[in-house]
Amino acid sequence: MRWSYTIAKLAGTEVKLHVTFLLLVGYIAYVEYRASGAAVALATTLFFLAFFLCILLHEFGHIAMARRFGVRTPDVILLPIGGVARLERIPEEPREELLIALAGPAVTVAIIALLGLAAWLGGHSQFYRGLLADDVPFVVRLLGANLVVLVFNLIPAFPLDGGRVLRALLSKRFGLAQGTRIAGAIGQGFALLLGLYGLFGEQPLALLVAFFIFLGAGSEASAVATRLAGRGLQVRHMMVTDFRTVAVHASLQHAADLLLAGEQREFPVVDNLGRAEGLLTRDDLIRGLSRLGSAARVSEAMTAEAPIVAPDLSFQDAVERLQTSRLPALPVVDPSGKLVGLLTKDNITDLLLVRGAQRPAPLPAETAATQR
């Protein structure tokens, strides 16, 4: 089952809705309809959608600033707790991350100013007395909701915007790795306190937000540690070179025999000249055997659109290519078109574990450069 659906693409960034977001909208509409009727349910749903439009604009503030520094944003996803813009990479310059982190709240401040002006022009000059009350005008409720978002996002708890600002300031003093560890620990500490409040105060939304903050802080810290551990590596340093291939015209039974004969789970598919034609994963094979039978050809079951990677591709680019492909492995092909290796998630993990357990030796390219 897919958990998110693309609803638009703006300036190269896909806007996605998570399934839980759609469920929340439906739940709110249902509860309001049962309690107060169709008119109130429609008004509440429209308010909720308008609020998340403001959240989306907030995220595009981050996106626009990131692009100024050459950082792409493949997608932004709307969740029940807010929006998450997925940056292609984390800027290594603390000043850049600081400006990217502040760009979102700056957009929210602009939205608040516009809503405040609209409320004043509409004759609601005393709007601040009941920002979140049920009986206040639509624009005043939306203003109050954005004020809550602004204040909450500026809490210095990673991965909230305030936490990213804190990480940028810490990185300037201690470096990215240490700055991320400290910011991540603070973020998870805040999440635990918020979770306790949600638990004992019977606030399920606070508990849900605390859960996502705790996971986000941990995963971000882990991602940064992985990226720093792979600095200086290229695909040639982490690819599998001892592997078996399967011919494009071979039978699925032959591929099954190869699968059972060893520990290899993904097989590059090659033509008669040894050129990569695709990839046959274990899932492809099992699905093909089930639907087509063991006599069917590998070409009928393989993933033909499997992207290839070059041996000199950097660690970060290779990991992103692998993640984007949603495949467990990718063929490695040199400039002459020769298949020279197989890039797998397991081998990347093993290499990072080995490098983390011992003092890394100079890479071949670094040694050659030193000798010159």
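Mentor: A definition comes before the sheets: two strands pair if DSSP finds at least two bridges between them. Helices (H or I, at least four residues) and strands (E, at least two) are DSSP runs, numbered from the N terminus. The model is predicted, so local features need pLDDT of at least 70 and side-chain atom pairs count only at pLDDT 80 or more, while totals for chains, interfaces and linings use all residues. Residues are numbered from 1 along each chain as its sequence is written, and side-chain values use heavy atoms, with hydrogens and water left out.

Trainee: Understood. In what order do the four strands of the open sheet run?

Mentor: The order is 1-2-3-4, and the pairing is mixed. Strand 1 (4–10) and strand 4 (82–86) are the edge strands, each pairing on one side only. From one strand to the next, the twist averages 25°. Angles here run from 0 to 180 degrees between N-to-C directions, with axes being lines fitted to C-alpha atoms, for helices over the stretch in contact.

Trainee: How many bridges does strand 3 make with strand 4?

Mentor: Strand 3 (residues 75–79) and strand 4 are joined by five bridges in the antiparallel sense. Leu-79 has Gly-82 of strand 4 as its bridge partner.

Trainee: And which strands does helix 2 touch?

Mentor: Helix 2 (residues 38–68) packs on the sheet and touches strand 1, strand 2, strand 3 and strand 4. Its direction makes about 155° with that of strand 3. Contact means heavy atoms within 4.5 Å. Helix 1 (residues 19–36) lies across strand 1, strand 2 (13–18) and strand 3, and runs at about 55° to strand 2.

Trainee: Let me pick out Asp-75, in strand 3. Why does it count as buried?

Mentor: Asp-75 counts as buried because its relative accessibility is 9%. The term buried means under 20% relative accessible area, exposed means over 50%, and partly exposed is in between (1.4 Å probe, protein chains only). Leaving aside residues up to four places away in sequence, Asp-75 touches Thr-13, Glu-14, Lys-16, Val-84, Ala-85 and Arg-86.

Trainee: What about Glu-97: buried or exposed?

Mentor: Glu-97, in helix 3 (residues 94–121), counts as buried because its relative accessibility is 5%. Beyond residues up to four places away in sequence, Glu-97 touches Ile-90, Pro-91, Arg-164, Arg-167 and Ala-168.

Trainee: Strand 8 and strand 9 form a hairpin. How many residues lie between them?

Mentor: Five residues lie between strand 8 and strand 9, and Gly-337 in the turn has a positive phi of about 95°. The two strands run antiparallel, with five bridges. Leu-330 has Leu-343 of strand 9 as its bridge partner. Strand 8 (residues 329–333) is mostly covered, five of its five residues being buried.

Trainee: Now the pockets. What volume does the second largest pocket have?

Mentor: Its volume is about 300 Å³. On a 1 Å grid over the protein atoms alone, a pocket is an open set of points where a 1.4 Å probe fits, with protein on both sides within 12 Å along at least five of seven lines; lining residues have an atom within 4 Å of a point. Grid points are joined across faces, edges and corners, and a volume is the space filled by probe spheres set on the points.

Trainee: Which residues are closest to the centre of that pocket?

Mentor: Of the 14 lining residues, the closest to the centre are Glu-263, Arg-265, Glu-266, Thr-344 and Asp-346. Strand 9 (339–344) and helix 12 (345–357) each supply at least two lining residues, and helix 12 gives the most, with four.

Trainee: Last one: how many helices and strands does the protein chain have?

Mentor: The protein chain has 13 helices and nine strands. Buried residues make up 43% of its 372 residues.
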